[in-house]
Structures are given as C-alpha cells and as structure tokens.
Amino acid sequence: MEILVCVKRVPMVGGKVVVTPDGQDVDTRMSGFAVSPHEECAVEEAVQITQRLGGTVTVLTLGPAEAADQLRDMLALGAGHGVLLETDGREWGPVATAAAIADAARRRGVGPDGGYDLLLFGNEAADTGDYQVPVRVAHALGLPCVTAIKNLEITESGAGAGAAGGSGAGGAAGARARASREYRGIEEAFDLALPAVISVKEGINLPRYPSLPGRLRAKRAVIEQFRPEYRGEGLRKELLRVPPGESKRAEILGTGTDAVPALVRLFEEFGVLS
Amino acid sequence: MTVLCLVERDGDGAADASLRALAFSRELAASSEASGTGGDPGYGEEPAGSNPPGAPGENVAAVVFGPAAEVPAGALAVAGVTDAYAVESDALTGYAPLAWARAIAELITASSATAVVAAATDHGNEVLAHLAAITDLPMAANCASAAHASDGRYRLVRHRWAGSLLEDAALDAPVALLTVAVDAVAATPAAVPAKVTVHAFRPDLTDGDLAVCATESAERAGGVSLATARVVVGGGRGVGSPAGFGALEELAGLLGGALGVSRVVTSQGWRPHKQQVGQTGTRISPELYLACGISGAIQHMAGCLSARHIVAVNTDPDAPIIARADYAVIGDLNQVIPALVTALRERAGLS
C-alpha cells in the first residue's frame, strides 16, 4: 500500500492571532510552526495502514524551504519519504496548490505497479480553511474522493467477489476503502475503489509521539525537492484583520469558592436553572 | 440573473444552516442593484422576471435534492426564494457528492446563475469543491459576507482560523462559488415572503458520478448533544487528570447540559475526541458556556464563537480566556466546581 499524505505548515497561534502591519500575513515572530491538526492525523492513519498492510508513506508539503522541518516531524512519526514543493514563501491559493500536488503525484503515478494507492489529506488547513485542495487533486487525477472522514478501513484484494465491483480506475489490485463520518446525527459510510483521495478530520486517531529512533531517521532522511511555478488565481486575499470585540475583559465574579453564590445568581439570570 | 443556493433538507423543513445560507444569498442578490452590476438597474420600479415586488435585480433560487413534492416550499417562501429546483433522479437515492455537483453544474446554465451558495457544512463544502473542480472556477469557502463590487468582481469577507481571523478578499469569476460560515450569518426571513415556483429537474448523470455515494445509518444517540446543548460545561488542562472530569459531568447533568473539553484533553487521551469543542472539534452555541481550566487558545475559542454567555473559571487572571469571557471566577476549578455542585443540589432540594 503506497500512500501519499499532503500536509501544510501553519503557525502555532496559541491564544491570539496577530497580523503583520501590512495586513498580509499572520505575525509569526513569536510563534513556532506545526503541521495542521487534521493532517497530522492523516499521517498517523497512513502509518497505521502501512504497518498493517505493508508499503510506504510519502509525506508531501508545499511551502517555503523551512517547511522541511514539518516534513521531518512527520518522517519521525513513521513516514518513509519526504517531498517538498518549495515556494518563495508567498501564500499559494488552493487552485495552484492542487495543481502542483497533482503534478507531483503524477511523477510517481497512481494505481498498481508502484503508484500511489491512496492520497490522504486533512479536511481543511487550519489557517486558510479553503476546503477544496483534496477534491481538486482528485479531479485532476481522475480519482474518486470523499472528505471529512472520521473512520477509515482499507481492505486489500481477495476479500470476495465484492472487491471486483464498482467503477473507476479499477483500484490497486482490487483494494477498497470504507470511509465514514457523522453528519447531523447520521452515520454516512462510503465505499471507494482504490486508488482514491480521502481527506480526514482530527479524531480519526490519536497521533503518536515521535520515537527517538524515528527522530534520528527523520534527521538523516533525504527530502526530494521540486520548485513548482506560482500561479495567481481568481480568489485574491486583500487584507487580514482580527475580528472586533476580541479584547474585552470579563467581569470578575470573585475568587475561589466565595464566588459560588454569584455564579448561581448569574445562572438564574441566564435562565439555565430549572 | 440568479443566486442559486443549495438547500439541505432537515426532516420536512430546511436545515438551519441552509436558512442562513439563504439569508446570505439574499444579501448578495440585493447588492447587485446597489453596485449597478445586476441585470436590471431599475431601482425596484420594474421587477425583473419572477421577482416579487420590491426585490432587487437578482433573485434567489434554491436547489433541493429530492422529489418536487418534498421541497420545503413554506420555509423557502419565508426566506425569499422565488424558484426551487427539485433534483429528481431514480439513480440518486442518497447523498452522492459528485452527482450533486454535476446536477448543480447543469443548473447553473438552466437557471442563469451568477453565483452558487451553500452552507459551509461537510456536504456544502464538499459539493461546492466538486463543482469548482468540474467547472474550473475558483471557490471561496467560509464566507461571512459577499457583495457585488462596481468593478464587476465580488467583495468577500472570509473566515480564516475558523473565524478567529477575517480575510477581506476579491473574487474574479464568471460564476461565484461560495460557502457560508454558518456562525457569521443569522437565519433571518426576507422582508417580503416570496411566491415559490417549484421546478422538477432531472440531471444527466453517469455511473461514474454515482460511484461515491453515502449509505446512511442512524448514529447511536446518547445524552445531550454537544452541538445543540443549552448549557455546556467545559474542562481543559486545568482539570489535571481523567478522574477530574467527574465533578464537571455531575455539574453538566444538574444543568441539563453536556460536557465539552479542549484539544489538550483529547490529545492526552483523557476524554474522547467527540467531546472536543474547537476548530477541529464540535462548534457549540449554548446559552451558557462554563469554561473551566481552559486557557482560551484560538483553536478552542473558534468552537464557541456562538455561545451567548461565556463564564470562565481559571486560576490565572491573565489567561487569554479572561479577555474572551463575559464573566470569570479566579480560582481552582477543582474547588469551585464541587462547591457549585453542592450549592445547586441544595437549591434543587436534592441534599
């Protein structure tokens, strides 16, 4: 099972988002960077799948040279290869990002004979929240796709006559995915022939902490690098701003258990006590 | 000229998120006149097409998946919808993201749509992303507002970081594809209810369009749903251990509410992820959110933007949550909450 997982480097914003004076970026001078949470779960899922079924996990990111740090973090979790689509640091839109990822996937190909069997993404990036890169990549590669998945089971071929059904590219030797999520109180399950594109959400698993051998291996790993060409697109960021009303201050009801009567009165006022 | 809005059904009616998307669609349609970019700059004197009197140059149409007889016409009329397209297909028995997008792509032409709008739900975002890929159009997700600008573009305000940061953006596209940040828009009715004409629409679908479709089964329901609870009692790192959630659960029970937790708590494995409130968990909109031992990282606060009242219990008077809450108690939740439980039990005559 060859799996490509696409991740994004995002600032760790903590308690407050601060915007740069020109209103074009989040001020990251005081913050570190991390892989967007849904995507870290995508990497964990891929590692678990390959531990069960064999194969390798390739982790890919599009971003500045420093995004290699995030690739190494993911290699430390158990991914085998890293691919960096290096940019000049400008923010790329979802159309150009998806096109560059699809090009990178085509280099190895999809499907049997060594291509990727599964492309995993996070449902949406923590920062830009564009909700479309995985779907655009799926269309570019002609693969089935489902998003926002909270539970994933991969079965390889030989699981009975059912494995031969369905349409699409035929799948990596008949492998299939059963992917599900909860939507408005209903469980929705999807059955996809591999190769396929699936985006996942946090909660699908609990990502492991990197082991020491994992970190050492990640440090030495060679990261393949490409430089895709930037393209502008129809949706253009003009200005980032923090919503108003962010810096009020709570009315202090009291300290410790002395505040309990005030809390009870407040709950009565809100009408939440029967 | 039409703003076409995907309306998701909820029982016999329209989903609340879709009613918000319809309110957003009306604002967008109305802006076409203000900017002079609409089809008919007649300032309301000569309503175009099937618009009700006083309506702007663009009308709002709904696309609903299911038989024409099941279109929630009453709710759509209140929301100012003039035309509803019921997508009927024998092959389309349940939710199928690509097939829905194909049908809407056909409807763009059939309804002369200049924009397609959907609530930024899992379905709305997924269907519009497919539509964007099929039509090779840009898509703007999580919009708080959208309006026509005099330069022929759209002016948008988008949510980033799940609403903790706003992006002013310009969209240059022959047809705007927009999903609506549900927290940012109220489900207001139209000033004048519309008369809805329902059109049955049979899309041209292939087997490939239907290859990915949902099999639905009822989730096991248990306790008060976090997303819709009137009261949420939240616990964060300050709870200190898995055992510490007992008092918070008891309090939630006394208040008829649900327990919510921060991301740290689920990352530690102290509580299941389904109880997480935040950008990567559940969005809540209770009357009261009592946040205990929660620092107030934006990842968490993004999940409770719609809470009516936020009350924090925290040992640190400088924690970010104190700048986001309405009221605060400075103290250790492990003392305050048991005392609060006792007080509420006494009040209810339970002890």
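Student: How many bridges join strand 1 (residues 2-6) of chain B to strand 6 (residues 113-119) of chain B?
Tutor: 4 bridges, and the two strands run parallel. Pairing needs at least two bridges found by DSSP between two strands. Strands (E, at least two residues) and helices (H or I, at least four) are DSSP runs, numbered from the N terminus. This is a predicted model: local features need pLDDT of at least 70, side-chain atom pairs count only at pLDDT 80 or more, and totals for chains, interfaces and linings use all residues. Residues are numbered from 1 along each chain as its sequence is written, while chains are lettered from A and ligands numbered from 1 in the order in which they are written.

Student: Which residue stands opposite Thr2(B)?
Tutor: Ala113(B), in strand 6 of chain B.

Student: What order do the strands of that open sheet take?
Tutor: 13(A)-9(B)-8(B)-7(B)-10(B)-6(B)-1(B)-4(B)-5(B)-11(B). That makes 10 strands with mixed pairing. Neighbouring strands are turned by 35 degrees against each other on average, direction ignored. Axes are lines fitted to C-alpha atoms, for helices over the stretch in contact; angles run from 0 to 180 degrees between N-to-C directions.

Student: Which helix of chain B packs on the sheet?
Tutor: Helix 3 (residues 97-110) of chain B. Among the strands it touches are strand 1 and strand 6 of chain B. Contact puts two C-beta atoms, placed from the backbone, within 7 Å. The helix direction makes about 145 degrees with that of strand 6 of chain B.

Student: Switching to chain A. What is the strand order in its open sheet?
Tutor: 7-11-6-1-4-5-12, with parallel pairing across 7 strands. Strand 7 (145-149) and strand 12 (223-226) of chain A are the edges. Neighbours here are turned by 20 degrees on average, direction ignored.

Student: New topic. At what angle do helix 2 (residues 68-76) and helix 5 (residues 212-220) of chain A pack?
Tutor: About 140 degrees, with axes 7 Å apart. That makes helix 2 of chain A oblique to helix 5 of chain A. Under 35 degrees counts as roughly parallel, over 145 as roughly antiparallel, 65 to 115 as roughly perpendicular, and the rest as oblique.

Student: Which residues of helix 2 of chain A make the contact?
Tutor: Arg72(A), Leu75(A) and Ala76(A). Helix 5 of chain A brings Gly214(A), Arg215(A), Arg217(A), Ala218(A) and Lys219(A).
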